[in-house]
Amino acid sequence: QVRLVESGGGLVQGGGSLRLSCAGSGPTFSVHAMAWFRQPPWKEREFVAAISRSGDSTYYTDSVQGRFTISRDNDKKILFLQMRSLKPEDSAIYYCAAGPGVAGNEDRYDYWGLGTQVTVSP
């Protein structure tokens, strides 16, 4: 199995930046596509961004396009989400996930971290 642990969440002022990390365990990190999802308070979990196994292809939901950047370091087994120009509506628990290929549907991902809280003040 793959163990994923998110970190880097916290409280940030609107317009600021935050970088999330997701550390993977074991030697199989590089064979999985990875993604970030988020769940705002009282709302369903939603897709944020995804990246292919090699990192050559990335995908973003419209609301974060141009502000967020997903990347990965397969040697260090870490997934990143660089968030810029943060807005209060970005506040959510952010989860990283691993699956067989890039997809926007959460049921396509087999492994999940426990999440990290991001709160953006007005």
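Which residues does Ser91 touch, not counting residues up to four places away in sequence? I looked these up first. Ser91 touches Pro40, Pro41, Val118, Thr119 and Val120. Contact here means heavy atoms within 4.5 Å.

**Ground rules**

I am working on a predicted model, where local features need pLDDT of at least 70, side-chain atom pairs count only at pLDDT 80 or more, and totals for chains, interfaces and linings use all residues. Residues are numbered from 1 along each chain as its sequence is written, and side-chain values use heavy atoms, with hydrogens and water left out.

**Ser91, continued**

I placed Ser91 in the loop between strand 8 (78–83) and strand 9 (92–99). Strands are DSSP runs of E with at least two residues, numbered from the N terminus. Ser91 has a relative accessible area of 15%, so it is buried. The cut-offs are under 20% for buried, over 50% for exposed, and partly exposed in between, with a 1.4 Å probe and protein chains only.

A polar atom of the Ser91 side chain lies 2.9 Å from the backbone oxygen of Pro88. The Ser91 side chain also reaches the backbone nitrogen of Val120, at 2.8 Å. A polar contact is a pair of N or O atoms within 3.5 Å; within protein, one must be able to donate a hydrogen and the other to accept it, and residues adjacent in sequence count only if both atoms are side-chain atoms.

I traced an open sheet of four strands in the order 1-3-8-7, with antiparallel pairing. Strand 1 (4–7) and strand 7 (68–73) are at the edges, each with a single partner strand, so one side of each has no neighbour in the sheet. From one strand to the next, the twist averages 15°. Axes for this are lines fitted to C-alpha atoms, for helices over the stretch in contact, and angles run from 0 to 180 degrees between N-to-C directions.

Two strands pair if DSSP finds at least two bridges between them. I went through the pairs in turn.

- Strand 1 pairs with strand 3 (residues 18–24) over four bridges, in the antiparallel sense. Glu6 stands opposite Cys22 in strand 3.
- Strand 3 and strand 8 are antiparallel, with six bridges. Leu18 faces Met83 of strand 8 as its opposite residue.
- Strand 7 and strand 8 are also antiparallel and are joined by six bridges. Asp73 stands opposite Ile78 in strand 8.

**The turn between strands 7 and 8**

Strand 7 and strand 8 form a hairpin with four residues between them. I checked two lysines there. Lys77 has a positive phi near 60° and is not a glycine. With 25% relative accessibility, Lys77 counts as partly exposed. Lys76 sits in the loop between strand 7 and strand 8 as well. Lys76 counts as exposed, at 61% relative accessibility.

I found another positive phi at Trp42, about 65°, again not a glycine. Trp42 lies in the loop between strand 4 and strand 5. Its relative accessible area is 90%, so Trp42 is exposed.

**The disulfide**

How many disulfides does a search of the whole structure find? I got one. The cut-off is a pair of cysteine sulfur atoms within 2.5 Å. Cys22 and Cys96 form it, with sulfur atoms 1.9 Å apart. The torsion about the S-S bond of Cys22 and Cys96 is about 50°, so the disulfide is right-handed. Both Cys22 and Cys96 are buried.

**The cores**

A nonpolar core is a set of buried Ala, Val, Leu, Ile, Met, Phe, Trp, Tyr and Cys residues joined through side-chain atoms within 4.5 Å. I found that the largest has 26 residues, with the most contacts inside it made by Trp36, Leu79, Leu81, Met83 and Tyr94. Strand 9 supplies the largest share of this core, four residues. A second, separate core has seven residues, including Ala35, Ala50, Ala97 and Tyr109.

**Arg3, last entry**

I ended in the segment before strand 1, where Arg3 is placed. Arg3 has 55% relative accessibility and counts as exposed. Leaving aside neighbours within four places in sequence, Arg3 is in contact with Ala23, Gly24 and Ser25.
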